[in-house]
Amino acid sequence: MGYELSLLAAEKEADFSIHMLKELHIFGQTVYLTTTHVGLIIISVVILIFALAVNRKVSKAKAEDTPGMLQNIAELIVSTVDNMVKGIMGSEGRRFRNYICFLMMFLLICNISGLFGLRAPTADYGVTLPLGIVTFLMIHINGVKKNKGGHFTALFKPSPILFPINLIGEVAVPLSLSLRLFGNVLSGTVMMGLIYGLLSPPITTGIPAFLHVYFDIFSGCIQAYVFCMLTMVYINDKIAD
């Protein structure tokens, strides 16, 4: 009986849910400020500050100056994304570099934000679904620009009887992208919440630190890369010659 009560108490302490922080009334509508919104605001501000700092540093840099740490980090990010885009999309991918670079940085910071005490925004389907929809729109907008009417007639190839299957395959793209990212990040969030709830100090300062390496850093980096890679593959499939 005592063991069951201790388990129930530990489960109550496990915290991996989205919490409402404040109720706002705007234009007669009730809007709830949640931990997801706070996380998104903080991450967006961090990316914006980093971008402005890099822009200021690069704009004032001279050819003979030795690049500082900030500039080296920015150049590493840009060169890595450039090589990744070029390797997957070829020369056609140059116009998508900015989007893929931002997407990679945003997802990476969101996925590892649990290390800094935030609840990962990507563990909320309300964040990952819009990202999947944006990718879906980019796929088909660029497909129409490239192939005109042929973009739609491709749904009837190689046989008109396959149209329903081809249509389902296209509609499933934003769902598969968003659910894959959401599910993997949420599972890590739930696992860490349960572990912190079941363990007690001082154990919580030791064992969970090693698990964060996998659930936040390793898995977070992999999921950010997979989302960006699939985005490039899907777009390239529509614009390739």
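**Close-up views of a predicted model**

View 1. At 25% relative accessibility, Phe163 counts as partly exposed (buried is under 20% relative accessible area, exposed over 50%, partly exposed in between; 1.4 Å probe, protein chains only). This is a predicted model: local features need pLDDT of at least 70, side-chain atom pairs count only at pLDDT 80 or more, and totals for chains, interfaces and linings use all residues. Residues are numbered from 1 along each chain as its sequence is written, and side-chain values use heavy atoms, with hydrogens and water left out. Phe156 is partly exposed too, at 40%. The ring centres of Phe156 and Phe163 lie 4.6 Å apart with planes at 10 degrees, so the pair is stacked (rings of Phe, Tyr and Trp, its six-membered ring, pair if their centres lie within 6.5 Å; planes under 30 degrees apart are stacked, over 60 edge-to-face, the rest tilted).

**View 2. Phe102 and Phe106 in helix α4 (residues 97-111).** The structure holds 3 aromatic pairs. In the pair of Phe102 and Phe106, the centres are 5.8 Å apart and the planes at 20 degrees, so these rings are stacked. The two residues sit 4 apart, about one helical turn (helices are DSSP runs of H or I, at least four residues, numbered from the N terminus). Phe102 is partly exposed at 44%, whereas Phe106 is buried at 9%.

**View 3. Helix α5 (residues 125-147).** Its 23 residues should span 33 Å at 1.5 Å a residue, and the end C-alpha atoms are 32 Å apart, which agrees (expected span: 1.5 Å times one less than the number of residues). Buried residues of α5 include Val127, Leu131 and Met138. After α5 comes Lys148, with a positive phi near 55 degrees.
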